[in-house]
Amino acid sequence: EVYEVQARAALVEKDYQKAEIFFIKARKPDAAVAMYKELKQWADALRVTKEHMAHRMQDVSDELLRNRDLSTAELLAQNGAYSRAIDAYLKFSKEDITDVEQLTTHWEQAVKLANDFVRERLEEVTVIVARKLLEVRKNEKAGALFESIGMYKEAIDVYVQAELWDQARRVASQKAPQFSDVVSHNKLSYFAQRGDWENCLDAAKLVSPEMVSKYAGLFAQSLLEQRQFVKAIQAFTTHGSNEIPLPANIVV
């Protein structure tokens, strides 16, 4: 009781370090933690909790998590509450941090902590961060994260959607050959839909003669619909066969 009285006296005098010492001597570390929480000195609150009542770390960490600022995540990580630090980093959004580069750095820190200290959460955290990166149009980084945990189909889908053909082809050829045709067909479809027939036909040549014939026919059909008959015949005879699919509204 004497130590507790001394602690209260030190608290009145705003000598918080001395108050902590007496609270610890009085075997009331919870009072010291409460004091620091009241003062918003979370680093000290976590320190005392970790040193004197480690069984309460989760409770104090959860309370700290209600704050949405960078210091919260950093403090939790510094005090070994890695899973809670991950949660803190994942809570950040564009409403909290308008600088997208800074925001993505914090999300990526969550993945790093999971990789270094909480391996059982690595896949979960990686997927969450990858999806968050897609929301801010960081497709290449998102694809790389999917790759890092062996989610090759998801990585390829992300690269294809972002028109990152080299990355999509690399993953398919080196890590997931079962998706090579998917990448090729998506690339051909992409060029065709945009009317980029030169690139489309060049890409088709790398796939198969059948694909060259197919897309040459689509190219020729597009030209016929524009009534560019000579160009249509030239395109189809150069790249396809001698049978030209005529649109229904064309009469010859």
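1. K141 counts as partly exposed because its relative accessibility is 33% (buried means under 20% relative accessible area, exposed over 50%, partly exposed in between; 1.4 Å probe, protein chains only). What does the side chain of K141 meet in a salt bridge? The partner is E108, at 3.5 Å from N to O (a salt bridge needs a side-chain nitrogen of Lys or Arg within 4 Å of a carboxyl oxygen of Asp or Glu). This pair links distant parts of the chain, with K141 in helix α10 and E108 in helix α8, 33 residues apart (helices are DSSP runs of H or I, at least four residues, numbered from the N terminus). With a relative accessibility of 28%, E108 is therefore also placed in the partly exposed class.

2. A word on reading the model: it is predicted, so local features need pLDDT of at least 70 and side-chain atom pairs count only at pLDDT 80 or more, while totals for chains, interfaces and linings use all residues. Residues are numbered from 1 along each chain as its sequence is written, and side-chain values use heavy atoms, leaving out hydrogens and water.

3. Staying with α10, which runs over residues 139-148, the buried residues are A142, G143, L145, F146 and E147. If you turn the model to see what covers them, the cover includes α8 (100-117), α9 (122-135), α11 (152-161) and α12 (165-174). Just after α10 comes G150, which takes a positive phi of about 80 degrees.

4. The loop between α9 and α10 deserves a look as well. R137 has its place there, and its phi is near 65 degrees, a positive value in a residue other than glycine. R137 is classed as exposed because its relative accessible area is 73%. As for K138, it forms a salt bridge with E101, where the closest N and O atoms are 2.4 Å apart. That pair again links distant parts of the chain: E101 sits in helix α8 and K138 in the loop between α9 and α10, 37 residues apart. E101, at 43% relative accessibility, therefore counts as partly exposed.

5. How many salt bridges does a search of the whole structure find? The total is 20. One of them, at the other end of the numbering, joins E4 and K28, whose closest N and O atoms are 3.0 Å apart. E4 belongs to helix α1 and K28 to the loop between α2 and α3 (29-38), so this too is a link between distant parts of the chain, 24 residues apart. K28 has a relative accessibility of 33%, which means it is partly exposed.

6. Now for the packing of helix α1 (residues 2-12) on helix α2 (residues 16-25): the angle is about 165 degrees and the axes are 8 Å apart (axes are lines fitted to C-alpha atoms over the stretch in contact, and angles run from 0 to 180 degrees between N-to-C directions). The two helices are therefore roughly antiparallel to each other (the term applies to angles over 145 degrees). On the α1 side the meeting residues are Y3, Q6, A7, R8, A10 and L11, and on the α2 side they are Y16, K18, A19, F22, F23 and K25.

7. Turning to L46, you will find it in helix α4, residues 42-52. Is L46 buried or exposed? L46 has a relative accessible area of 0%, so it is buried. Leaving aside residues up to four places away in sequence, L46 touches M57, V60, S61, L64, L75, L76 and N79 (contact is heavy atoms within 4.5 Å). Between the C-alpha atoms of L46 and Y36, 10 residues apart along the chain, the separation is 9.0 Å.

8. At 18% relative accessibility, R84 is counted as buried. Which residues does R84 touch, not counting those up to four places away in sequence? They are Q58, S61, D62, L65 and L76.

9. Lastly, K40 lies in the loop between α3 and α4. Its phi, near 65 degrees, is a positive value in a residue other than glycine. K40 has a relative accessible area of 62% and is therefore exposed.

Conventions: Angles under 35 degrees count as roughly parallel, over 145 as roughly antiparallel, 65 to 115 as roughly perpendicular and the rest as oblique.
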